[in-house]
Amino acid sequence: MTRSNTEATAVRVADTTFVLDELAELDVGHNPDAGDRPLPHGLPGALNLSAIGMFGFSMGGATTAGAMLADPRIKAGIDLDGTIYGPVAAQGLSRPFLLISSQDNGRDVDRTWASFWARLRGWRLDLRLHGAEHLAFSDAVTLYAQAAAVLHLTPAQLAQLVGTIKASRAITIERAYIRAFFDLQLRQHDTHLLDQPSPAYPEMQFIP
């Protein structure tokens with residue numbers, strides 16, 4: 001765990017709290033616009049700030065966990081293949097959290113994940129996407145595939161960056177599980193996708 005990454009995560013956590021504060025102000029009709037331009041019609045009172053979820057990739061996943069520790073307004077979170085930085089790794093959380101790792105990562109590789117997982121006191125689930133490398137959870141999974149020829153990437157080099165999973169498949173699977181998690185935790189709508197491995201998505205492995 002490097003100090004620079006820990007400090008960078010702390011800044012992002014503070015940014016997250018700032019955004020939530022501003023959303024609360026907007027919802028009661030306060031206008032933060034520096035130019036005093038009017039708010040869009042119907043915006044005040046339209047936000048459901050009792051059902052806030054957050055997810056992020058890489059350091060964004062660390063920010064999600066850290067922001068949940070700092071701000072109880074975030075009810076549920078997801079970390080997409082991100083090392084956990086800051087005090088939350090040792091303190092854990094009592095609210096629902098989902099971990100999704102690339103094929104070569106996880107609690108058996110990343111000690112911060114193991115520490116964090118052991119201290120999760122609410123609903124928790126650990127998943128691993130087979131065929132995915134770290135960048136498969138980012139736009140790079142599509143962009144690198146499209147630009148491989150221009151960048152002179154061999155198939156082996158491309159696989160090192162994003163994995164062997166096809167971009168469209170990675171996106172489909174990630175969307176399905178992220179949606180299912182927030183449907184369950186924020187809307188109380190259970191699709192049962194998170195109960196056990198699905199034959200529709202055999203690439204997603206459940207880690208006990």
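**Close-up views of a predicted model**

**View 1. The largest pocket has a volume of about 200 Å³.** Welcome to this structure, which is a predicted model. The lining of the largest pocket is made up of Phe55, Leu80, Ala136, Phe137, Ser138, Asp139, Val141, Thr142, Ile171, Glu174, Arg175 and Ile178. Sorted by class, that lining holds 7 nonpolar, 2 polar and 3 charged residues. Helix H5 (140-151) and helix H7 (167-187) each give at least two residues to the lining, and H7 provides the largest share, with 4 residues.

**View 2. Five strands form an open sheet in the order S1-S2-S3-S4-S5.** The pairing in this sheet is mixed. Strand S1 (52-57) and strand S5 (204-206) are found at the edges; each has a single partner strand, so one side of each has no neighbour in the sheet. From one strand to the next, the twist averages 20 degrees.

**View 3. Here we look at strand S4 (residues 124-129) and its partner S5.** These two strands run antiparallel and are joined by 3 bridges. Leucine 129 is placed opposite methionine 204 of S5. Helix H7 packs on the sheet, where it touches S1, S2, strand S3 (97-101), S4 and S5. The direction of H7 makes about 160 degrees with that of S2.

**View 4. Aspartate 71 sits in the loop between helix H2 (59-70) and strand S2 (74-80).** Aspartate 71 counts as buried because its relative accessibility is 4%, and buried means under 20%. Leaving aside residues up to four places away in sequence, aspartate 71 touches Thr17, Leu20 and Arg95.

Technical notes
Residues are numbered from 1 along each chain as its sequence is written. This is a predicted model: local features need pLDDT of at least 70, side-chain atom pairs count only at pLDDT 80 or more; totals for chains, interfaces and linings use all residues. Side-chain values use heavy atoms; hydrogens and water are left out. On a 1 Å grid over the protein atoms alone, a cavity is a set of points where a 1.4 Å probe fits but cannot get out, and a pocket is an open set with protein on both sides within 12 Å along at least five of seven lines; lining residues have an atom within 4 Å of a point. Grid points are joined across faces, edges and corners, and a volume is the space filled by probe spheres set on the points. Ala, Val, Leu, Ile, Met, Phe, Trp, Tyr, Cys and Pro count as nonpolar, Asp, Glu, Lys and Arg as charged, and the others, Gly among them, as polar. Buried means under 20% relative accessible area, exposed over 50%, partly exposed in between (1.4 Å probe, protein chains only). Contact means heavy atoms within 4.5 Å. Two strands pair if DSSP finds at least two bridges between them. Axes are lines fitted to C-alpha atoms, for helices over the stretch in contact, and angles run from 0 to 180 degrees between N-to-C directions.
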